[in-house]
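Hi,

Here is the structure I promised to pass on.

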Amino acid sequence: TASPYLSISGAGVFTANKITTYERIDIVGASTTFQLLAGGNFNSGLTLSDAVLTGAGNLVIDSVFSRSGSATISGFTNVSITTSSNLIAGAISAANQIALQSTTGSLSIDGNLATTGGAASTIKLDAYSGIALNANLNSGSGKVLLNAGGSVTQAAGSNITTSGLALRGMSGNYVLDSSSNAIAKLAADTLDVNVTTANALAVGSVDGLTGLVANKVVLNTLGLSIDYGASITANASSGNSLVVNVADGAFSNNSGSTSPLIVTGEGRWLVYSGTPANNSKNGMTSNFRHYAGTYATYAPNTVSETGNGFIYGITPGALQANTIVASGSGSQVYGDTPNTILGYTLTGFADNEDNASNIGLTGSAGFTAIPNASSSFGNYTLSYTGGLSSTQYGISAGLGYSYNVGARPITVT
């Protein structure tokens, strides 16, 4: 037990079984390693300058922690650092848990944080104000838990690798926009969420949170699935309050609900996807579908349609106008005047919500001329010849209608 102030420096490895101190300890020097075989409790703080603090068991640092230079902490089962001021953390690795907290200030993560204990391991960052992620967080198959009262940002080149990310803090404004993030599952209850991943993302349950609730939500991923019982809620009263961009990945509604995207007031949701063929909407409905647009070329603030919508990168193929008999007879006898009126049906819609009434269809359909009373008996194929246009699709001739002119019977007496 070290009670008075203690400074450790010099080249070499300094080893103790366990330390409990009620005065600040300084460990200084790039060639200095302090090894604790059974952990330690620094109840009045620690200054770590360029040196290495390593060991086993649990490491607890309370009150004051000052780190500078290339200082690292490694080898412990659990690492817990709590300060009442701004906390700047360097590289820390532990088996089960890394927990860093600033009770009245901010956190700055300037070195990589990593846990190696598998699914039960966690990296937990808790700040009264903001968190600056200037290095990597890697919990492997474990979880990353963030709680902030201000802005949470990622520096260029940093990333989060985790099986589950939970975001908390009623004033937390999370901008986790690294294109290298590898986040398997996300849950949140906070102010604003802007998350980018290099992989497909699921919104589900993480650390007691289920689903995602925020004022504004932006998710840029290579696919998004909404787990059973989960939903995404954006409470902003207007604007593009909920935006999902899955690029060429899949959007999958596995929530069990036909309304897993929830917006309030005049807010709306937009889902960007490469093609409807990749998506599983499972009962979801939208106000519009827009084609030949991407997150880059038809950004949310340029979307002209109103309401909730799916925006697809593909240009859909042409619809087929199939000729049918709208009224009258579909055949005649030679010499009779036909009473046939032709119509059409459209097939080939890219999205299952599209139909003739909501694709901006205009014009009047033209068809092959119907045989008249003097037309020879036999079969005639009547087809769509043009006249229709759509704001979303091209339209071409589909199946024709086989019209029969029957022979008139002759009575011989």
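In what order do the strands of the open sheet of 3 strands come? The order is 40-38-44, and the pairing is mixed. Before I go on, a word on the source: this is a predicted model, where local features need pLDDT of at least 70 and side-chain atom pairs count only at pLDDT 80 or more, while totals for chains, interfaces and linings use all residues. Residues are numbered from 1 along each chain as its sequence is written, and side-chain values use heavy atoms, with hydrogens and water left out.

Back to the sheet. Strands here are DSSP runs of E with at least two residues, numbered from the N terminus, and two of them pair if DSSP finds at least two bridges between them. Strand 40 (341-347) and strand 44 (395-397) each have a single partner strand and stand at the edges, so one side of each has no neighbour in the sheet.

Now the aromatic rings. Searching the whole structure gives 8 aromatic pairs. Rings of Phe, Tyr and Trp (its six-membered ring) pair if their centres lie within 6.5 Å; planes under 30 degrees apart are stacked, over 60 edge-to-face, and the rest tilted.

One of the pairs is Trp 269 with Phe 310, edge-to-face at 5.3 Å centre to centre and 75 degrees between the planes. Trp 269 is in strand 35 (residues 266-273) and Phe 310 in strand 37 (residues 309-312), so this pair ties together parts 41 residues apart in sequence. Trp 269 is buried, at 3% relative accessible area, and Phe 310 is buried too, at 0% (buried is under 20%, exposed over 50%, partly exposed in between, with a 1.4 Å probe and protein chains only).

Tyr 272 and Tyr 295 are also edge-to-face, because their ring centres are 5.3 Å apart and their planes at 85 degrees. Tyr 272 sits in strand 35 and Tyr 295 in the loop between strand 36 (288-290) and strand 37, 23 residues apart. Tyr 272 is buried at 2%, whereas Tyr 295 is partly exposed at 29%.

Phe 310 comes up again: Trp 269 and Phe 310 belong to one aromatic cluster that also includes Tyr 312 and Phe 349. Lys 281 lies over the face of Phe 310, 4.5 Å from the ring centre (the rule is NZ of Lys or CZ of Arg within 6 Å of the centre and within 35 degrees of the ring normal).

Cheers

Methods. Helices (H or I, at least four residues) and strands (E, at least two) are DSSP runs, numbered from the N terminus.
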